[in-house]
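Trainee: I am new to this structure and would like to go through it step by step. Could we take it as questions and answers?

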Amino acid sequence: MSEKYVAVGWNRQKKIYDTVVLAGVAAYLALFVGIGAAVDGNATIETLLIRGFGTCGLILLHVVLLIGPLCRFSPLFLPLLYNRRHLGVTTFFIGAFHGVFSIIQFHALGVINPIVSVLVNNTRFGSVPDFPFQLLGLVALIILFLMAATSHDFWLKNLSAPVWKTLHTLVYVAYALLVAHVALGVLQAETSPVLAGFLGFGLALVIVAHLAAAIRERKTDAETVGGGDFVDVCAIDEIPEKRACVRTVNGERVAIFRYDGKVSAISNVCRHQAGPLGEGKVIDGCVTCPWHGFQYLPETGASPPPFTEKVATYDVKITDGRVLLRTVANKPGTFTEAAKI
Amino acid sequence: MTRRIRKLHLLVWALLAVLLPALFFAAIGLRHAEPVNRSIPARNLQTR
């Protein structure tokens, strides 16, 4: 909800996050190269760096992919989500270093352009053990570049949240390509079970986490209520103070907040990155998105000035300790009087 | 709005949950066997 364009809206939390990530990457690479040189005396520094950057990028991508589903299960992971884009951009750069070192090592000494060499030197697409796996890595790197380049609120605003979200789901394609890149590449030569074991474990972890999160979300969507003008959505006592309960009404998720002796309802979808507003809380009188801190006034669904984001509001009333919600949403930013408890 | 994305997410991961493990095991199962020089006595072969 920045008022003007800034490359990175630095704050203390982001500086700590980035410092920890960069220090972790540096420590990993130093350990990998050091131990690698000690264990395999024949490995050159270039080879160790290619392997180090490759494994580091793959580990980071697994972390990036696990943050989303883990946040569906516990708010403890939300601080990781807050700056996930920084982690994604770091993953791209680590992958780019791996790619550049590999191209220099394996393709730069011939008579044809190194990039052209990557594209044409192996065309055995029908063979599993001899598959041109480097192409898979190159395509994945291009996807990660597109995502890193658009990892900014400028692009989010100009592309619109749905388009931006859809573009960034390409990370799943990049992940599939990279699993294939490793399985058809280094695992064809590396017969030690260590690398295969790590990749298999990471793959299982990511798949289980995403499927579990998706099934859980599906259950929430299935709890649809609707039909009449107003529907009974919950008891007042079910809503903790300054928090919300989320209900699906006519296919849309609605966050019903209780605060200062009142109840208001707004759309559950944040205008920024479609974050779950109902999992946030009321801070300084504003509903605050748990993902990136975007704020909305509960009675209007509008961000406090000078910001301009707006979400839909819903009429609410209270009868016999039960919260009743009008099934039709008001236009984003429409004032609706809060129901008094 | 997010319901479409959630459906896409479930569909994609249901697909990847089948394809990626299949690819992983196929890649390991179909890799080249290490060549063996049968003229060298087994006791002289270095094993990893």
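What follows is a conversation about this predicted model, going from whole chains to single residues.

Trainee: How many helices and strands does chain A have, and how many does chain B have?

Mentor: Please keep in mind that this is a predicted model. Chain B comes to one helix and zero strands, whereas the secondary structure of chain A comes to eleven helices and twelve strands.

Trainee: What share of the residues in chain A is buried, and what box do the C-alpha atoms of that chain fill?

Mentor: Taken along the principal axes, the box around the C-alpha atoms of chain A is roughly 80 × 40 × 35 Å. Among the contacts in chain A with a separation of 6 or more, 54% are between residues 24 or more positions apart. For chain B, with its 48 residues, the buried share is 15%, and for chain A, with its 341 residues, the buried share is 31%.

Trainee: Where chain B touches chain A, how many residues of the chain B side are nonpolar, polar and charged?

Mentor: The contact draws 26 residues from chain A and 22 residues from chain B. On the side of chain B that touches chain A, the residues divide into three charged, three polar and 16 nonpolar.

Trainee: Are helices α1 and α4 of chain A roughly parallel or roughly antiparallel, and why?

Mentor: Helix α1 (residues 12-39) and helix α4 (residues 84-107) of chain A have axes that come within 11 Å and cross at roughly 30°. Because angles under 35 degrees count as roughly parallel, α1(A) and α4(A) are roughly parallel.

Trainee: Which residues of α4(A) does α1(A) meet?

Mentor: The crossing in which α1(A) passes α4(A) is right-handed, and by class their contact has five nonpolar, two polar and two charged residues. From α1(A) come A:K14, A:Y17, A:D18, A:V21 and A:V25, and the residues they meet in α4(A) are A:H86, A:L87, A:T90 and A:I94.

Trainee: In the hairpin of β10(A) and β11(A), which residue takes a positive phi?

Mentor: Strand β10 (residues 316-319) and strand β11 (residues 322-326) of chain A run antiparallel and are joined by four bridges, with A:T319 standing opposite A:R322 in β11(A). The hairpin has two residues between the strands, and the residue there with a positive phi, near 50°, is A:D320.

Trainee: What kind of peptide bond joins A:P305 and A:P306?

Mentor: A:P306 has its place in the loop between β8 and β9 (313-314) of chain A. With omega at about 10°, the peptide bond that joins A:P305 and A:P306 is cis.

Conventions:
Residues are numbered from 1 along each chain as its sequence is written. Chains are lettered from A and ligands numbered from 1 in the order in which they are written. This is a predicted model: local features need pLDDT of at least 70, side-chain atom pairs count only at pLDDT 80 or more; totals for chains, interfaces and linings use all residues. Two residues are in contact if their C-beta atoms, placed from the backbone, lie within 7 Å. Ala, Val, Leu, Ile, Met, Phe, Trp, Tyr, Cys and Pro count as nonpolar, Asp, Glu, Lys and Arg as charged, and the others, Gly among them, as polar. A residue is buried if 20 or more other C-beta atoms lie within 10 Å of its own, exposed if 12 or fewer, and partly exposed in between; C-beta atoms are placed from the backbone. Axes are lines fitted to C-alpha atoms, for helices over the stretch in contact, and angles run from 0 to 180 degrees between N-to-C directions. Angles under 35 degrees count as roughly parallel, over 145 as roughly antiparallel, 65 to 115 as roughly perpendicular and the rest as oblique. A crossing is left-handed if the near helix is turned anticlockwise from the far one by less than a right angle, and right-handed if clockwise. Two strands pair if DSSP finds at least two bridges between them.
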